[in-house]
Amino acid sequence: SMQNTLRLWNCRKGILQCLIVMGFSWKAISGQIHYSIPEEMHKGSFVGNIAKDLGVDEKQLSNHGLRIISNVGKIHYFALNANNGHLQTSERIDREEICGRAEKCILKFQVLNEYKLKLYGIEVEIIDINDNAPQFPVGEQEVEISEMSASGFRVPLMEAHDLDLGINSIQGYQLTGSGHFFLDVQMGENGIQHPALLLKEPLDREEQSVYDLILTATDGGDPFRSGTAQIKVRVLDANDNAPIFNQPIYEVTVKENIPKGSTVATVSATDLDEGLNGEVKYSLRKVTQFHSPQFLLNSTTGEITLTGSLDYEISSLHEFEVEAKDGGGLSDRSKVIITITDLNDNAPELIVNYFTSSISESSPAGTVIAILNVQDQDSGVNGEVTCSVPNNLPFRLERSVDDFYSLVTAGTLDREHMPTFNITITGTDNGIPPLSTTTVIALQVLDTNDNPPVFEKTDYTFYLVENNHRGSLIFSLRANDPDWEENARITYSIIEEQTGNFPLSSYLSINSETGAVYALNSFDYEEIQEIRFLVKAQDGGSPPLSSNVSVTLFILDQNDNAPEILYPSPPTDGSTGIELAPRSSEPGYLITKVVAVDADSGQNAWLSYQLTKATEPGLFTLGLHTGEIRTSRFLLEKDAFKQSLVVLVKDNGQPPLSASVTVTVVLADNIPDTLIDLSNISVPVDHTSDLTFYLVVAVAFVSCLFLTFLLVLLAIRFHRWRKSQLWSITFGGAPVSQFVGIDGVRAFLQSYCHEVSLTTGSRKSQLNIPKANHTNIYTPQQNSENELPSVSSSFPCRDMRGW
Ligand SMILES: *[C@@H]1O[C@H](CO)[C@@H](O)[C@H](O)[C@H]1NC(C)=O
Ligand SMILES: *[C@@H]1O[C@H](CO)[C@@H](O)[C@H](O)[C@H]1NC(C)=O
């Protein structure tokens with residue numbers, strides 16, 4: 001069939017070639033070339049020199065085109081080396097895989113000489129090597145032997161197989177593991193060996209119930225190979241043992257919070273027997289008063305489960321007995337002790353035994369505020385409690401005896417800073433996680449008078465416009481005291497400083513509660529410009545604390561004074577000042593100066609002068625601020641003898657105040673002129689006042705006349721009396737009628753009246769008689785120098801008005 005396949009393969013290549021090959025193939029198969037190689041050789045191992053064996057020269061090898069013809073789909077175990085004509089393995093060859101248990105294993109194929117178109121048969125025999133070990137069908141065999149079996153009891157064991165042939169296959173068995181057994185091997189047909197186990201002596205299951213033996217099969221290869229299997233011998237029971245607990249006491253520790261239904265412990269008893277004899281049932285027996293029904297014992301598994309809940313604080317230990325009984329009625333007992341461990345399941349408790357709700361801010365550090373007691377139901381570290389207060393509060397806890405703490409002040413308190421405290425005391429235990437409790441102590445800090453009142457400013461300055469209303473509010477002061485109640489109740493007062501004779505209390509009054517300051521009187525700037533004093537603020541504490549502040553009150557000026565004209569003096573009795581201006585004076589000649597003052601200050605006292613009315617406008621000029629009256633041109637003959645000027649003096653206040661004065665200027669070169677002229681013009685101004693004046697003059701004249709008449713009569717009488725007595729004595733030749741003549745009286749009176757007309761202005765009327773070419777500048781200081789003696793002051797008739 002191999003040839004057929006070859007042919008088919010060739011036919012696929014081409015009909016022509018196929019026919020050629022078929023034509024020679026049968027004839028060519030004549031000689032067989034035989035090689036033999038051991039199995040399991042490496043790939044590429046030398047098998048035989050085909051070229052040489054076919055008689056092909058190595059040099060012509062390429063021409064002959066030798067190649068292996070092999071079946072499609074079959075594994076190519078061999079290959080032809082085209083260079084040297086050697087046959088080589090192209091695969092690892094396993095004899096057992098290709099030929100199984102066949103005695104001979106031969107691989108056949110053909111080599112084609114393409115040059116000669118000749119096929120050669122090649123046989124390669126694969127020689128067995130001991131490459132397979134004996135093998136048991138399963139790794140372990142279980143054998144059961146009753147402990148009642150007698151010695152010589154025989155149990156067949158499984159046989160091993162070896163794929164190799166002959167000596168390379170199984171040659172014998174061995175048994176190891178226990179001296180209680182023999183190995184018996186019997187030779188069967190085909191030389192196959194049958195191993196079996198033989199019992200040497202009876203077994204005791206309670207002593208050893210299982211024996212592990214090793215069965216080894218060995219082949220005869222070189223080196224030999226072997227295979228092993230485990231033989232497990234079980235010894236069957238004979239019902240003769242009681243159950244025994246594996247621990248005399250079961251001690252377990254559980255946490256108190258394990259959930260209901262958890263397994264707390266498992267008891268276990270073993271019964272060496274088997275079957276019913278070894279079947280153990282467990283039960284619970286009450287032995288101590290601590291037993292509680294919250295545990296359940298599973299009778300078959302021995303599991304103890306919790307049916308209730310545990311509480312360390314109620315019972316920390318549970319103890320009971322368990323019993324194990326087998327089907328045969330034998331039993332054993334054991335004890336179970338369940339210890340409950342404490343969990344931190346109770347928070348500490350803080351009990352305040354004493355506390356004070358208020359404390360004075362002056363209390364010293366260490367003053368006790370509260371005493372408290374801390375308790376924790378838990379035990380151990382879970383019951384160890386630490387108490388604390390917040391660090392930011394001025395308090396600390398001091399441990400006194402046992403679990404008692406004192407809460408004390410850690411420093412001085414300041415009510416003004418913190419008037420109340422909520423002191424949170426925390427008790428924390430050392431459990432994991434820790435539990436804590438807090439309690440709050442509310443503390444009020446009581447005030448002590450430890451702060452003086454403080455004014456809002458370090459000093460005060462106020463301004464007041466003069467002519468204020470009496471009782472008006474001038475200003476208000478304010479001081480603050482951070483203390484409480486009485487300690488912060490401030491009383492204000494003005495401190496009288498003995499500066500001069502100025503009685504402050506008659507001007508100012510302070511409202512002691514509000515600090516408002518009122519004016520008791522109207523201030524006059526012209527009198528008082530500023531007042532400095534202290535205001536004291538005192539609190540109501542005991543002892544009181546106080547502070548003072550300096551206050552400056554500036555009085556502001558009002559334009560309340562009109563300018564006052566000092567010169568020329570304003571008319572008081574109808575007269576007027578008279579100034580002389582020589583007719584020869586040049587333009588710019590200073591005639592006089594109007595002098596005025598204003599009691600106010602600043603703008604209110606800034607005066608300006610104005611000429612409001614003049615007999616001859618343009619003849620005189622008036623300095624706006626100097627008040628100087630000067631001529632503005634040469635005086636002319638036609639200019640009136642008497643010039644009248646009205647000067648208005650005005651200050652700069654708002655609104656302005658003013659005063660006016662009339663200046664009379666007489667254009668004359670000397671006083672006699674003036675006097676003559678003046679007699680004509682005397683007192684032309686005020687006719688109403690002149691009328692009285694004339695009446696007075698008339699009365700005076702009549703009185704003088706009468707007096708003179710009396711004197712004359714008296715003289716005549718006296719003369720006649722003397723003439724009668726002493727006729728010889730004469731009066732120096734002058735006739736008497738001449739002495740008291742009417743002419744003399746007239747002259748006297750004329751002179752008198754002239755004087756009166758000059759002095760009617762006022763007591764202070766003066767005559768300025770400027771010398772020619774001399775600029776007479778009037779100033780108040782010069783007044784006494786330039787003033788001519790008042791004519792009137794020495795004249796007796798002056799007083800006649802008073803009659
Ligand atoms: C203290 O607690 C009270 C009540 O909870 C609260 O009204 C008060 O403001 C607290 N005081 C302070 C200083 O926190
Ligand atoms: C005003 O206060 C100062 C210090 O503040 C003090 O020295 C002075 O004596 C006080 N004056 C009066 C009059 O109380």
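Student: Why is E123 called buried?
Tutor: In this predicted model, the relative accessible area of E123 is 17%. The cut-off for buried is under 20%, so E123 counts as buried.

Student: And what makes E123 and H34 a polar contact?
Tutor: Their side chains come to 3.0 Å, and the limit for such a pair of N or O atoms is 3.5 Å. That puts E123 and H34 within the limit.

Student: What else is E123 in contact with, leaving aside neighbours within four places in sequence?
Tutor: Besides H34, the list has Q32, I33, Y35, I106, L107 and K108. E123 itself sits in strand 7, residues 118-127.

Student: Switching to the open sheet of 4 strands, what is the order?
Tutor: The order runs 33-40-39-36, with mixed pairing.

Student: Why do strand 33 and strand 36 count as edges?
Tutor: Strand 33 (459-465) and strand 36 (490-495) each have a single partner strand, so one side of each has no neighbour in the sheet. From one strand to the next, the twist averages 30°.

Student: How do you know that strand 36 and strand 39 pair?
Tutor: Pairing takes at least two bridges, and strand 36 has 6 with strand 39 (residues 530-539), in the antiparallel sense.

Terms used
Residues are numbered from 1 along each chain as its sequence is written. Chains are lettered from A and ligands numbered from 1 in the order in which they are written. This is a predicted model: local features need pLDDT of at least 70, side-chain atom pairs count only at pLDDT 80 or more; totals for chains, interfaces and linings use all residues. Side-chain values use heavy atoms; hydrogens and water are left out. Helices (H or I, at least four residues) and strands (E, at least two) are DSSP runs, numbered from the N terminus. Buried means under 20% relative accessible area, exposed over 50%, partly exposed in between (1.4 Å probe, protein chains only). A polar contact is a pair of N or O atoms within 3.5 Å; within protein, one must be able to donate a hydrogen and the other to accept it, and residues adjacent in sequence count only if both atoms are side-chain atoms. Contact means heavy atoms within 4.5 Å. Axes are lines fitted to C-alpha atoms, for helices over the stretch in contact, and angles run from 0 to 180 degrees between N-to-C directions.
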